[in-house]
Amino acid sequence: MFHHLIALLNSPFITTLLATHYLTIAGLALTAVCAPTARRRQAALEALAVLLGRPPRPRI
């Protein structure tokens, strides 16, 4: 069973999918920190929360 998981994770499609996912998260995190306006930072934080499977924080 374990060797099937290793074979799946070593496939080019899965590797590309995981890399794209992590680059998207990194880009959103960078946007959340460096965005020039509070509205953009808030939108980036909400999208990041959704991608990480957490409920977005309520707006103040």
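Reply: A residue is called buried under 20% relative accessible area, exposed over 50%, and partly exposed in between (1.4 Å probe, protein chains only). The model is predicted: local features need pLDDT of at least 70, side-chain atom pairs count only at pLDDT 80 or more, and totals for chains, interfaces and linings use all residues. Residues are numbered from 1 along each chain as its sequence is written, and side-chain values use heavy atoms, with hydrogens and water left out.

Me: Is Arg57 buried or exposed?

Reply: Arg57 counts as exposed because its relative accessibility is 67%. Arg57 lies in the segment after H3. Between the C-alpha atoms of Arg57 and Ala47 there are 11 Å in space, and the two are ten residues apart in sequence.

Me: How is the packing of two helices described?

Reply: Two packed helices are described by the angle between their axes and the distance between the axes. Here H2 and helix H3 (residues 38-51) pack at about 150 degrees, their axes being 8 Å apart. H2 is therefore roughly antiparallel to H3, a term for angles over 145 degrees.

Me: Which residues form the nonpolar patch on the surface?

Reply: Phe2, Leu5, Ile6, Leu8, Leu9, Leu18 and Tyr22 form the patch, with about 690 Å² of accessible area together. Patch residues have over 30% relative accessible area and no salt bridge, and nonpolar side chains are joined within 5 Å. Helix H1 (2-9) and helix H2 (12-34) each give two or more residues, and the largest share, five residues, comes from H1. Tyr22 has its place in helix H2 and is exposed, at a relative accessible area of 54%.

Note on methods. Patch = residues over 30% accessible without salt bridge, like charges linked within 9 Å, V, L, I, M, F, W, Y side chains within 5 Å. Areas by Shrake-Rupley, 256 points an atom, 1.4 Å probe, with all protein chains shown as cover. Salt bridge = Lys/Arg side-chain N within 4 Å of Asp/Glu carboxyl O. Helix = DSSP H or I, 4+ residues; strand = E, 2+ residues; numbered from the N terminus. Axes fitted to C-alpha atoms, helices over the stretch in contact; angles between N-to-C directions. Parallel < 35°, antiparallel > 145°, perpendicular 65-115°, else oblique.
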